[in-house]
Amino acid sequence: MVDPRVRTALELLFGYNRGRSGIYLAYAAIVAALAFVVVASVWGGLAVFDFERFRTVGQPLLLGICGLAALLAGLHGYANDGVVIGATVAIGPLAGLLAWGAVAYNLSLPTPTAGQAGFDRLAILGFIVGVLLALVGTLVGRLTSSDPARNVREETPLEVD
């Protein structure tokens, strides 16, 4: 039998329901892929095709993806606890941005100037907001849950062997 304090700590870190945590990890991968595609499209549009309109479109798109990741992190915190999983979802856009940087480093195409300025700051801001929302969501979820084993305001029923 696992000590209830250890079980609670694991739930707070990785989630109350492991299956739901896996679903949110899949969401993190999807958000990272979206960020990768947006950054690659902006880079390609500026460097390869010289679409100047992409200079103003890229930041709002990436900001929307960061907002989606932060919202998903907060929802995971509320529905399933799991601050580490929430942080993983929130860091998805930054992971996509870094993955594109690793791919673009080896490309021999011209690099756009100032087309992607501020993408890193947006991704880090989204990560910080996402972690804060995951913490708030976890707190609210623990306070309002109908499950007495999860709700910190109700007494946990005694287990009878």
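1. Leu10 is a residue of helix α1. With a relative accessibility of 35%, Leu10 is classed as partly exposed, because that class covers values between the 20% limit for buried and the 50% limit for exposed. The structure under discussion is a predicted model, and the remarks below should be read with that in mind.

2. Leu10 also belongs to a nonpolar patch on the surface, together with Val2, Val6, Leu13, Phe14 and Val84. The accessible area of these residues together is about 450 Å². Helix α1, spanning residues 4-14, is the main contributor to the patch, with 4 residues.

3. On the overall fold: the protein contains 6 helices and 0 strands. Read from the N terminus, the order of elements is α-α-α-α-α-α. Among contacts with a separation of 6 or more, 77% are between residues 24 or more positions apart.

4. On burial and surface: of the 161 residues in the protein, 37% are buried. The accessible surface amounts to about 9,200 Å², and carbon and sulfur atoms account for 70% of that surface.

5. The largest nonpolar core consists of 28 residues. Val39, Leu62, Val89, Leu97, Trp100 and Phe119 have the most contacts inside this core. At least two core residues come from each of α2 (18-47), α3 (54-80), α4 (83-90), α5 (92-105) and α6 (119-144). The greatest share is that of α2, which supplies 11 residues.

6. Leu62 deserves a separate entry, being among the core residues with the most contacts. Leaving aside residues up to four places away in sequence, Leu62 touches Ala35, Val38, Val39, Phe119 and Leu122. Two of these partners, Val39 and Phe119, are themselves listed among the core residues with the most contacts.

7. Asp81 sits in the loop that connects α3 and α4. Its relative accessible area is 0%, so Asp81 counts as buried, the limit for that class being under 20%. The side chain of Asp81 makes a polar contact of 2.7 Å with the side chain of Arg142.

8. Not counting residues up to four places away in sequence, Asp81 touches Glu11, Leu12, Gly15, Tyr16, His76, Thr138, Arg142 and Arg150.

Notes
Residues numbered from 1 in each chain as written. Predicted model: local features only at pLDDT ≥ 70, side-chain atom pairs only at ≥ 80, totals over all residues. Heavy atoms only, no water. Core = buried A, V, L, I, M, F, W, Y, C linked by side-chain atoms within 4.5 Å. Buried < 20%, exposed > 50% of the residue type's maximum accessible area, 1.4 Å probe, protein only. Contact = heavy atoms within 4.5 Å. Polar contact = N/O pair within 3.5 Å; in protein donor to acceptor, adjacent residues only side chain to side chain. Patch = residues over 30% accessible without salt bridge, like charges linked within 9 Å, V, L, I, M, F, W, Y side chains within 5 Å. Areas by Shrake-Rupley, 256 points an atom, 1.4 Å probe, with all protein chains shown as cover. Salt bridge = Lys/Arg side-chain N within 4 Å of Asp/Glu carboxyl O.
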